[in-house]
Amino acid sequence: PPPRPTREKKKKPVSATSLPGMIGAFQTEWDASVIETHMLRKELEQVRNELAHTLYQHDAACRVIAKLIQERDAAVAVANDPARRAAPAGDAMEEDGIPEVVKERMTERSQELSKGRKKRPVSELLAGEAAIQAFKEAAKFAAHQKKAATSVAVHPKNESLVLSADTSGAAVICDRATGKAAVPIVGHKASITHAIFHPTQDVIFTASKDSTVKMWSAQGKQIHSFGMHKGEVSGVSVHATGDYIVSTSTDKSWAFCDIEQGKCLQLVQGDISGGFSASMVHPDGLILGSGTTDGMVRIWDIKSQQNVVSFTGHGGAIGSLCFSENGYYCATTSSDGCKVWDLRKVAKQGANAQAVTHMAGASTSAVFDNSGSYLLVASKEVKVLLAKSWAEVSTLAVANATAAAFGPNALSIATASSDGIVRVFA
């Protein structure tokens, strides 16, 4: 047989045959291992970052998909809602949320008002107690053709103009100077629950049981119609900035609307037991006071839309709610009378809030004058009370009064009653 090839043995380098050479070889291998480990760690870190970025993108995509599904479901719900599908053209139902710039403006306005209010003296033109006690009936208007009047307001600058509304859905501006009904306001399909003048602009707002809030010119022409509520609208008030209104409804919702755009910015569905029956924005503009059909008084933070304080106010539905000009007091009415609450104490007492005074007897409305010096309460008769002491100043003989309002500087008082008669005392 042929001889097998011999394998040449690999000779070790001379350096590996000595101890220093072996140590050098080991050091070289160690350095190579450390470098390799470092490179692997760098690659691992890069993979981790790529994985984290991918997971973040996935999470963001899931959130976008969830939002789109929610918007789709909401759109389908609106499309399937006969009430909203049949809403008249022009009714504002869009809800984009209150923009941050609006919230900042609300805060700035609140700070301005709070700072200025402490230094502002009471007007020298404010009617004194003796003058109010001497009030006599100065005008009388049969403005509503025997239909029950539901609301009354006096123009904030021209006390000759008196706005009232009734159960037929009509409102009218009467002029004391001429003794006639000057401007009819027609457009609602059901009873008007609340009618107010804008404090600085020459426009009017009405809330109705037909689920709408309408904005009118001084000549009675409709400017905007807001149709975001599903139930009867129980109240409307102008925000302290003068650019927004807040309305409440028996469907347990309240809305924040832009009056220039004629658009609802935020519709809040309250997680409450009873629907809203009365409301008013606080003079500083940051909170909303509301009364409900089950007798609860609820205070809301407008910017966060959170119910910050709730307490039992009355044994039945609250018919009206009004803040004093300085923002310290809140008056509410119901079938068990009129109560006044000190908000400084309410903030501490919470659900155990106690009224500072309680005037027994069914009351339909209570309102402070523009200085916060007097409180006007409508019930079987109309009473004027002195703020803080709550002592009775005067009583006006008006049977079955449904609403009452002060004129500028408390120089006049307008009343509305269930027989449709509007009276002015001065």
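Are Phe311 and Trp341 buried or exposed? Both residues are buried, and in this predicted model they form one of the 7 aromatic pairs that the ring criterion counts.

**Nonpolar cores**

- The largest nonpolar core holds 32 residues, and those that touch the most other members are Tyr374, Leu375, Leu376, Val382 and Val384.
- Two or more residues of this core come from each of strand E20 (329-334), strand E21 (337-342), strand E23 (365-368), strand E24 (374-378), strand E25 (382-386), strand E26 (392-396) and strand E27 (401-406), with E24 as the element that gives the most, namely 5 residues.
- Val382, when residues up to four places away in sequence are not counted, touches Leu376, Val377, Ser394, Thr395, Leu396, Val398, Ala401, Ala404 and Thr415.

**Aromatic pairs**

- By the ring criterion there are 7 aromatic pairs, and the one between Phe311 and Trp341 counts as tilted because the ring centres are 4.7 Å apart and the planes stand at 55°.
- Since Phe311 belongs to strand E18 (residues 306-312) and Trp341 to strand E21, this pair ties together parts of the chain that are 30 residues apart in sequence.
- Tyr374 and Phe406 make another tilted pair, with 6.4 Å from centre to centre and 40° between the planes.
- Tyr374 is placed in strand E24 and Phe406 in strand E27, so that this pair ties together parts 32 residues apart in sequence.
- Tyr374 is buried because its relative accessible area of 4% is under the 20% limit, and Phe406 is likewise buried, with a relative accessible area of 9%.
- Elsewhere, Trp254, Phe276 and Trp300 are linked into a cluster by ring pairs.

**An arginine over two tyrosine rings**

- Arg344 lies over the face of Tyr328, at 4.2 Å from the ring centre, and it also lies over the face of Tyr329, at 5.7 Å from that ring's centre.

**Buried residues in loops**

- Ser211 is found in the loop between strand E8 (203-208) and strand E9 (213-217), where a relative accessible area of 14% makes Ser211 buried.
- Apart from its neighbours within four places in sequence, Ser211 is in contact with Phe226, Gly227, His229, Lys230, Gly231, Glu232 and Val233.
- Gln305 lies in the loop between strand E17 (296-301) and E18, and because its relative accessibility is 19%, under the 20% limit, Gln305 counts as buried.
- Trp390 occupies the loop between E25 and E26, and its relative accessibility of 11% places Trp390 among the buried residues.

**Positive phi angles**

- Most residues other than glycine have a negative phi.
- Gln305, although not a glycine, has a positive phi of about 60°.
- Trp390 is also a residue other than glycine with a positive phi, in this case near 60°.

How values were computed
Residues are numbered from 1 along each chain as its sequence is written. This is a predicted model: local features need pLDDT of at least 70, side-chain atom pairs count only at pLDDT 80 or more; totals for chains, interfaces and linings use all residues. Side-chain values use heavy atoms; hydrogens and water are left out. A nonpolar core is a set of buried Ala, Val, Leu, Ile, Met, Phe, Trp, Tyr and Cys residues joined through side-chain atoms within 4.5 Å. Buried means under 20% relative accessible area, exposed over 50%, partly exposed in between (1.4 Å probe, protein chains only). Helices (H or I, at least four residues) and strands (E, at least two) are DSSP runs, numbered from the N terminus. Contact means heavy atoms within 4.5 Å. Rings of Phe, Tyr and Trp (its six-membered ring) pair if their centres lie within 6.5 Å; planes under 30 degrees apart count as stacked, over 60 as edge-to-face and the rest as tilted. A charge sits over a ring if NZ of Lys or CZ of Arg is within 6 Å of the ring centre and within 35 degrees of the ring normal.
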